[in-house]
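Please find below a note for a reader who is meeting this structure for the first time. The points are numbered so that each may be checked against the display.

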Amino acid sequence: MIGQIVAIIVAGLVIAGLIAPREALSWWRRGEMDEPTIRWPSLDEAFGHPGDQPDDAVPAALPAEQGHYLVYLSGLGISGPDELPVVEIPLVERLAERIGRTRVIWQIYPYSVANTALTQGRRFSRVWQALARWKFEKNRLRALAFGINLRNAFQMFVSSDRRYGPVFNLAIADQIAAALIRNGYAPEHRRPVTLLGWSGGAQIAAGAAWYLAALGIPVRVMSMAGILSADPGLDRAQQIWHLRGDTDKVQSLGVLFFARRWPVFRDSAWNRARRDGPPEIIRIGPLKRAGKGGYFSAAPLLPDGREPREATVDQIVRVLVEAGLATDRAAPERG
């Protein structure tokens with residue numbers, strides 16, 4: 001019996017891996033882009049929705065333009081653009097409150113080329129709805145909710161794939177461009193944009209950076225304990241930061257999963273960035289991957305008395321302030 005269950009799981013994983021690129025390729029075949037380059041969307045396109053979802057009305061006035069935009073790309077646990085995983089909400093809200101001269105954007109589902117939630121307008125939407133609900137219930141089937149993470153992980157690998165990645169990353173960059181327009185970004189002013197990717201979102205950020213830079217955006221990539229490949233998008237990022245906790249071993253899996261990060265591939269994008277940049281490795285402190293003592297947790301307090309998530313926010317803000325991109329509203333006023 002156990003052998004049969006294992007066989008079914010393995011077969012399911014194989015099938016999931018084989019069909020993972022299908023959504024990106026379908027998007028391309030439908031002609032979502034007229035040519036294999038990115039362009040700025042019109043207002044109607046920026047406020048439009050895929051499929052049969054009703055479009056948002058274009059507002060009479062857009063939000064005021066900011067000097068810098070921080071685009072947060074969530075990790076593998078997210079299931080749609082309109083609702084962050086519960087553990088991530090306090091940290092993102094704190095960033096929005098604290099960072100000055102910056103607009104924080106998070107309404108992007110980085111594992112869908114059309115920014116379509118798993119729980120809406122899909123063939124298996126009801127299944128994804130159940131899995132998303134079980135994540136927060138004391139349900140004996142709760143472990144199956146990990147299927148969301150697994151599905152998103154396959155999309156992360158599509159992003160890193162040298163065959164399918166360019167199509168997937170072009171689509172995500174298109175969604176990011178639309179989100180920027182909705183939030184008052186004026187393309188002619190070329191304000192700097194930082195892509196902050198948590199976990200698998202860091203790979204998506206690196207992939208999208210190539211196409212966003214093609215729009216003339218000064219783009220930077222900040223990996224928050226991300227799993228990164230040697231994506232060509234890193235070549236176009238003006239700066240690359242990688243934040244990590246001292247006790248987080250998962251973030252180093254990028255080196256294991258993506259062979260082109262190995263030193264033997266001297267001309268890969270990652271190793272070129274190490275020579276020319278290099279990517280700045282920023283240690284946050286004794287933080288774990290998840291749970292108590294993780295990047296998003298409120299407890300236990302660190303030796304200096306801060307919450308772990310406050311230490312995470314502190315480092316993100318510090319990096320942006322030192323780069324001259326933002327201000328810290330919590331910093332004491334001078335004079």
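The points below take up the strands, then the salt bridges, and then the surface.

1. The structure is a predicted model. The remarks that follow should be read with that in mind.

2. Strand 5 covers residues 219-224, and six of its six residues are buried, so the strand is largely enclosed by the rest of the structure. The cover extends to both directions in which the residues point: V219, V221 and S223 point one way, R220, M222 and M224 point the other way, and all are buried. Here a residue is called buried because its relative accessible area is under 20%.

3. Pairing of strand 5 with strand 4. Strand 4, residues 193-198, pairs with strand 5 in the parallel sense, and six bridges join the two. One point of contact may be located by residue: L195 has V221 of strand 5 as its bridge partner.

4. Pairing of strand 5 with strand 6. Strand 5 also pairs with strand 6 in the parallel sense, over four bridges.

5. Is strand 6 mostly covered or mostly open? Six of its six residues are buried, and the strand is mostly covered. On one side lie I240, H242 and R244, on the other W241, L243 and G245, and all of these are buried. Strand 6 runs parallel to strand 7, residues 280-285, and five bridges join them. Within this pairing, G245 stands opposite G285 of strand 7.

6. D235 is partly exposed, with a relative accessible area of 36%. R272 is likewise partly exposed, at 27%.

7. Salt bridges: two further pairs. R275 forms a salt bridge with D267, and their closest N and O atoms are 3.8 Å apart. R275 counts as partly exposed at 42% relative accessible area, whereas D267 is exposed at 57%. The side chains of R318 and E322 also meet in a salt bridge, at 2.8 Å from N to O. Both residues lie in helix 11 (residues 308-322), where they are four residues apart, about one turn of the helix. R318 is partly exposed, at 30% relative accessibility, and E322 is exposed, at 59%.

8. Salt bridges: a network. Which residues are linked in a network of salt bridges? The members are R94, E97, R98, D304, R306, E310, D314 and D328. The reader may wish to display these residues together.

9. D82 counts as exposed because its relative accessibility is 59%, and a residue is called exposed when the value is over 50%.

10. A nonpolar surface patch. V255, W262, V264 and F265 make a nonpolar surface patch of about 360 Å². V255 lies in helix 9 (residues 253-257). The relative accessible area of V255 is 35%, so this residue is partly exposed.

11. An exposed glycine. Where does G121 lie? G121 is found in the loop between strand 3 (102-105) and helix 5 (125-134). With a relative accessibility of 73%, G121 counts as exposed. G121 and Q53 are 68 residues apart in sequence, and their C-alpha atoms are 7.8 Å apart in space.

Conventions:
Residues are numbered from 1 along each chain as its sequence is written. This is a predicted model: local features need pLDDT of at least 70, side-chain atom pairs count only at pLDDT 80 or more; totals for chains, interfaces and linings use all residues. Side-chain values use heavy atoms; hydrogens and water are left out. Buried means under 20% relative accessible area, exposed over 50%, partly exposed in between (1.4 Å probe, protein chains only). Two strands pair if DSSP finds at least two bridges between them. Patches are made of residues with over 30% relative accessible area and no salt bridge: like charges are joined within 9 Å, nonpolar side chains (Val, Leu, Ile, Met, Phe, Trp, Tyr) within 5 Å. Accessible areas come from the Shrake-Rupley method with a 1.4 Å probe; for residues, only the protein chains shown count as cover. A salt bridge is a side-chain nitrogen of Lys or Arg within 4 Å of a carboxyl oxygen of Asp or Glu.
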